[in-house]
Amino acid sequence: MSIRHVALAFVLTFSFGFLMFAAFGPTVAPVADATESEPKPKTPVRSQPKSRSSRLIVEEPSETPPGMVWIPGGEFVMGTNNGKPDEGPAHTVELDGFWMDQYEVTNREFAKFVEATGYLTTSEREPELLSIKDDSPLKNVEIRPDMNLPGSVCLNTKFQTGDYDPKKGAYSWWSYIPGANWRHPSGPDSSIEDRMDHPVVHVSWPDAVAYCEWAGKRLPTEAEWEYAARGTLSEKIYPWGNERNPDGKWLHNIWQGDFPITNSADDGFESTAPVGTFPPNTVGLYDMSGNVWEWCADFYTPNYYSRSPRRNPMGPIESYDPQEPDIIKRVQRGGSFMCSDQYCIGYRNSARMKGEADTGAFHTGFRCVLTPSMRERKVALSSRDQ
Ligand SMILES: [Ca+2]
Ligand SMILES: [Ca+2]
């Protein structure tokens, strides 16, 4: 279920070791706790579209759209054999070229979308249990009436070490805050008035997809995201190389200090930073490490890499997270201002995260991509309509 829904408990889109709890009352047992006895993850492989040509699209076919960067097609080593289990095996992937947004989508850009469409994000609507798989017994769970308010997930700023509850695990330091949403990132009393150039947050996966469709773009596949993050460098830990702080400088917005109690903000930012504050990677993309997590198009399974197709992989046809098998998860990438080297180290090129599809959080955003064929269709449609 959706964290926010489970909400109504403590759910989060976080990647830590998820235990899911019941805010629903004593009849609901904890869901997760991954063990060796969990069923083997299924990794059905989505059939790939037939390519009209065996040659990869490498050259940029037309003028670069504003705010985007052309990522030439090619092959790269995706994943690593030296990371967490779901980051391997390292394997070669071939991708056709595409354009990618230089920056994470900002509050200013998202506001234009909302103004044009009247779109209401998931966090602004009454909670619904949309991320529970159809065959799950959790389908019958009811949301606690006292938690059945629009809202989203934020850090519990009052959390202290002694507050840790082993039954809640990582959810101990998160709070579902009624009234938190993209316009009010820290709760109803907060505002984005002076944060219009910061990345939009508290967007669910469907919210991100809706924005992309409005913009005539789509979410990147997980493979496209990692390929773009690596840029022209091969098999490095970070978008800029293997050293986290070259010359003692912070090149990304993450968490410094004693997580999740003390955030020293040595990089200058306690929460989000304006997009583009830190240097770009080798192909001109900003914040591919840190700032906010970024939704990808793919469903999440931990073992997809062992069976994924070599060319243009699009992810499995359904999700499976052994730690929360009843919940539909999508991939997130890049880490956030909440990522600490004491905990998630999600700001590495190969790091994978799984998020409940209909749950946003105060450190989760996205960026879009555009392919030559999408652009051709758009041009054809617009000329037809003239
Ligand atoms: Ca920071
Ligand atoms: Ca990011």
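This is a predicted model: local features need pLDDT of at least 70, side-chain atom pairs count only at pLDDT 80 or more; totals for chains, interfaces and linings use all residues.

Student: Why is helix H4 described as largely enclosed by the rest of the structure?

Tutor: A residue counts as buried if 20 or more other C-beta atoms lie within 10 Å of its own. In H4 (residues 222–230), nine of the nine residues are buried, so the helix is largely enclosed by the rest of the structure. Among them are Trp 225 and Tyr 227, and also Glu 222, Glu 224, Glu 226 and Arg 230.

Student: In what order do the strands of the four-stranded open sheet lie?

Tutor: The order is E9-E8-E7-E10, with mixed pairing. E9 (352–356) and E10 (364–365) stand at the edges with a single partner strand each, so one side of each has no neighbour in the sheet. E8 (residues 329–333) runs antiparallel to E9, joined by five bridges; Arg 333 has Arg 352 in E9 as its bridge partner.

Student: Which way do the residues of strand E4 point?

Tutor: Phe 98 and Met 100 point one way, Trp 99 and Asp 101 the other, and all are buried. E4 is joined antiparallel to E1 (residues 68–71) by four bridges, where Trp 70 stands opposite Trp 99. Two bridges also join E4 to E11, again antiparallel, with Met 100 opposite Val 369.

Student: What is the mean pLDDT of the chain?

Tutor: The mean is 87, and 86% of residues reach 70 or more. Over residues 9–52, however, pLDDT stays under 50.

Terms used
Residues are numbered from 1 along each chain as its sequence is written. Chains are lettered from A and ligands numbered from 1 in the order in which they are written. A residue is buried if 20 or more other C-beta atoms lie within 10 Å of its own, exposed if 12 or fewer, and partly exposed in between; C-beta atoms are placed from the backbone. Two strands pair if DSSP finds at least two bridges between them. pLDDT is the predictor's confidence in each residue, from 0 to 100. Two residues are in contact if their C-beta atoms, placed from the backbone, lie within 7 Å.
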